[in-house]
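Trainee: I would like to go through the labels on this model one by one. Please set each value against its cut-off.

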Amino acid sequence: ASMGLPALALLLAAGLLHTQASPSARSFQLDYEHNCFRKDGAPFRYISGSIHYSRVPRPAWRDRLLKMYMSGLSTVQVYIPWNYHEALPGVYDFSGNRDVEAFLDLTAELGLLVILRPGPYICAEWEMGGLPAWLLWKPDIILRTSSPAYLEAVDSWLHVLLPKIKPRLYHQGGNIISVQVENEYGSYYACDYGYLRHLLGSFRVLLGSEVLLFTTDSTRAEELRCGTLQGLYATVDFGPGSNVTEAFGAQRRVEPKGPLVNSEYYTGWLDYWGEAHASTSAAWVAWGLEDMLQLGASINMQVVSWQRAQPPGEYMFHGGTNFAYWSGADYKGQYKPVTTSYDYDAPLSEAGDPTEKLFAIRTVISKFQPVPAGPMPPATPKYAYGWVALRKYADLLDVLDVLCPSGPIQSQFPLTFEALKQVHGFVVYHTQLPWDVPDPATLGAPPHSICDRGYVMLQKEYQGTLERDGQTTLHVTGRAGDTLDILMENMGRISFGANTSDFKGLLGNLSLNSRPLSNWLIYPLTIDTAIQHGWPHTALPKSSSGGRVGPAFYTGTFVTPGIAWDTFVKFPGWSKGLLWINGFNLGRYWTCRGPQQTLFVPGSVLHAGRPNNITVLELEGAPPTPLLHFLDGPLYNRTL
């Protein structure tokens, strides 16, 4: 998707149901004469919806896919985020929630076809658009181009991934009917046909000559010019506010013959921190869907951000959640990080519940083809576990020995996350004031060098926050030798637009009254590793200060009444931070900025018969009485 919402991918392939040839071999092909797809020789059109397995806990995969099947979808569209599987160069993870083969096998078991979008770039409002941050460790790399360092990494990844995909292709007996190459490449500045040709060659070598390969771009002429290539079938994406005839006219200019395809029909909208919660009416989405189906198009429904002045974003039928650090960001004149919830006002809610929009879509689909008989599976049970009291465990600066066991790195000037080989999370930059500062002096950074938020402590006392495209100076006083610490937070790398080379940390020198500070000790923090090993619940109690401001850890436990149902947690009076339950990182909360006010807690992370351990890292300030409130429903808009 170019920008981002889970959208329903409605692939509407025009075609008349005649000439029922039935070759013995399985096949999925383009019919340029009759402007349709042919599946096993017969005309075919798909109605599909997007789901991101990386945003849905594995125990919920079957529930979500079954609801999509019961909605009348014949097909699901699936992204594969490269960085979710190769977090470090050459270290691959296809286990647990990352077992994409198990997910694909489940789609086949439920009778769904698959449109696969393996990237290597996917956008999806996902951290760095699915590209691994370690690509930025390579000097002079130019992402999404014929840059040798980039192509070498891409080829290495495709040689691991695509052999897992090949036996699941439709003509091989599997259920994958088509595979997308790259993603909305026309929206990227490079316009490197050599890169697209290289990808086409790699996909053909690894998947064979029979599989249908395609591209997706917006309907803008210049984007279709740069994003399409002979040998790849060109499809378009647009939302419910578009003139359908005009939009498909854009596809016809690059593909005069063949099926009409909207690869990302936006069923919803994404949220950014600090902006209003977005929604799209069920009637509007249903009307646009019916319009396309009447043209015989094939459609994929996405939840995506779509604005008249912008290219459409990502698609979704079920959005899910940006757990941990996986949410990406857009750059539209300023850095705009995406919320933890990827609910997107999609037909299936963040928790996987059918909505009015889903039933409206099902009704439209039923006018064009039979939908499965039987009731829609119900919403999953939710439980309001109530109030849970937390206690302060320690200030972050007092537990650096645990969070950075390898010790600090010495450097004359600050180093980026990439130079430190730190992918996600946090880094502490520590130095001392080199001279007395009796009168307030300006602590500041050069433009565009705070990436993305810096929490400033002097003598371990919180002074305030520096922010990308926001406040970049603070006034401080102190004495020579006083400690100065800046905790830098990565809020997610840009996932769409020209600048996917989004370096993190302190990108320039901090200065005091324009005099550069030097002699830094830099601590890359491995917070998640510590918490996954039981810290701080298994550690000895710390004698922490009673202060409530500045970065600190808070802990607590709660016991469920013999159940492990989904729930939502609210942070009354808290500011900004992260939440872990039983070692699982549920993502970022940002109560004071909104709009999202609750985090989704899947029941699968809870224990039914023993205590559930809660760990909160609050970055700015906790309430005087630190409490969490577990509810049976979400609050996505701060006005609620």
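Trainee: Why is Asp502 called buried?
Mentor: Buried means under 20% relative accessible area, exposed means over 50%, and partly exposed lies in between (1.4 Å probe, protein chains only). Asp502 has 2% relative accessibility, so Asp502 counts as buried. Keep in mind that this is a predicted model: local features need pLDDT of at least 70, side-chain atom pairs count only at pLDDT 80 or more, and totals for chains, interfaces and linings use all residues. Residues are numbered from 1 along each chain as its sequence is written, and side-chain values use heavy atoms, with hydrogens and water left out.

Trainee: What makes Asp502 and Arg468 a salt bridge?
Mentor: A salt bridge is a side-chain nitrogen of Lys or Arg within 4 Å of a carboxyl oxygen of Asp or Glu. Here N to O is 3.0 Å, and the pair meets in a salt bridge. Arg468 is buried too, with a relative accessible area of 12%.

Trainee: Which parts does the pair of Asp502 and Arg468 tie together?
Mentor: Asp502 lies in the loop between β25 and β26 (505-506), and Arg468 in the loop between β22 (461-467) and β23 (473-478), so the pair ties together parts 34 residues apart in sequence. Strands are DSSP runs (E, at least two residues), as are helices (H or I, at least four), numbered from the N terminus.

Trainee: How do you know that Glu264 and Arg117 form a salt bridge?
Mentor: Their closest N and O atoms are 2.8 Å apart. Glu264 lies in strand β11 (residues 261-266) and Arg117 in strand β7 (residues 113-117), so the pair ties together parts 147 residues apart in sequence. Glu264 is at 0% relative accessibility, so Glu264 counts as buried. Arg117, at 1%, counts as buried as well.

Trainee: Why is Lys367 called exposed?
Mentor: Its relative accessibility is 53%, so Lys367 counts as exposed. Lys367 forms a salt bridge with Glu290, the closest N and O atoms being 3.2 Å apart.

Trainee: How many salt bridges does a search of the whole structure find?
Mentor: The search finds 28.

Trainee: What makes a nonpolar core?
Mentor: A nonpolar core is a set of buried Ala, Val, Leu, Ile, Met, Phe, Trp, Tyr and Cys residues joined through side-chain atoms within 4.5 Å. The largest has 117 residues, and Ile165, Met301, Leu396 and Leu525 touch the most other members. Helix α4 (residues 148-165) gives the most to this core, with 9 residues.
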